[in-house]
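Subject: Structure handover

Hello,

Here is the structure I promised you. Please open it alongside this note.

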Amino acid sequence: MCKPFWMLMPMLLRLLLWLISWKGGDALMALVDLYVCLIINGRRTFDQVPTTLQPAVQAELEALGLGTDGQPLS
């Protein structure tokens, strides 16, 4: 029996991250920038960021003066 597509998404995301890291860092940074934008705009939470990207996303948010919730640090 085939699994629904949405159940395969975590596996496909891990495969995509592996391929990107194998190919080069530019594509990985593009994903980091994407997640930073999604967090700032409230479309994603930090907990929804893949664990492999969380340190880089957190560093980028902090460099912008933002917390992991996308709001300015007080």
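Below is what was found in it, from the whole chain down to single residues.

**Ground rules**

This is a predicted model, so local features need pLDDT of at least 70, side-chain atom pairs count only at pLDDT 80 or more, and totals for chains, interfaces and linings use all residues. Residues are numbered from 1 along each chain as its sequence is written, and side-chain values use heavy atoms, with hydrogens and water left out.

**Confidence**

The mean pLDDT of the protein chain is 82 (pLDDT is the predictor's confidence in each residue, from 0 to 100). Of its residues, 77% reach 70 or more. Confidence is lowest in helix 1 (residues 5-23), with a mean of 67. It is highest in helix 3, at 95.

**Overall fold**

The protein chain has three helices and zero strands. Helices (H or I, at least four residues) and strands (E, at least two) are DSSP runs, numbered from the N terminus. The pattern along the sequence is α-α-α.

The chain has 74 residues, and 23% of them count as buried. Buried means under 20% relative accessible area, exposed means over 50%, and partly exposed is in between (1.4 Å probe, protein chains only). The exposed surface comes to about 5700 Å², with 63% supplied by carbon and sulfur atoms. Those areas come from the Shrake-Rupley method with a 1.4 Å probe; for residues, only the protein chains shown count as cover.

Now contacts, meaning heavy atoms within 4.5 Å. Among those between residues at least 6 apart in sequence, 35% join residues at least 24 apart.

**The core**

The largest nonpolar core has 12 residues, including Leu-17, Tyr-35, Phe-46, Val-49, Leu-53 and Leu-66. Such a core is a set of buried Ala, Val, Leu, Ile, Met, Phe, Trp, Tyr and Cys residues joined through side-chain atoms within 4.5 Å. Helix 2 (25-40) and helix 3 are the elements that give two or more residues to this core. Helix 2 gives the most, with five.

Look at Leu-53, in the loop between helix 2 and helix 3. Leu-53 counts as buried because its relative accessibility is 2%. Setting aside residues up to four places away in sequence, Leu-53 touches Leu-17, Leu-28, Leu-31, Val-32 and Tyr-35. Leu-53 and Leu-31 are 22 residues apart in sequence, yet 8.2 Å apart in space, C-alpha to C-alpha.

Val-49 is another core residue.

**Helix 3**

Helix 3 covers residues 54-63, and its buried residues are Gln-54, Val-57 and Leu-61. They sit on the same side of the helix because they cover an arc of only 65 degrees around the axis. The arc is taken from the directions from the helix axis to the C-beta atoms. Pro-55 and Ala-63 are exposed, on the face turned away from the buried side.

Gln-54 counts as buried because its relative accessibility is 19%. Its side chain reaches the backbone oxygen of Val-49 at 3.1 Å.

Glu-60 also lies in helix 3. Glu-60 counts as partly exposed because its relative accessibility is 26%. Beyond its neighbours within four places in sequence, Glu-60 is in contact with Met-29, Val-32, Asp-33 and Val-36. Glu-60 and Val-36 are 7.3 Å apart, C-alpha to C-alpha.

After helix 3 comes Gly-65, with a positive phi near 80 degrees.

Best wishes

Definitions and conventions:
Polar contact = N/O pair within 3.5 Å; in protein donor to acceptor, adjacent residues only side chain to side chain.
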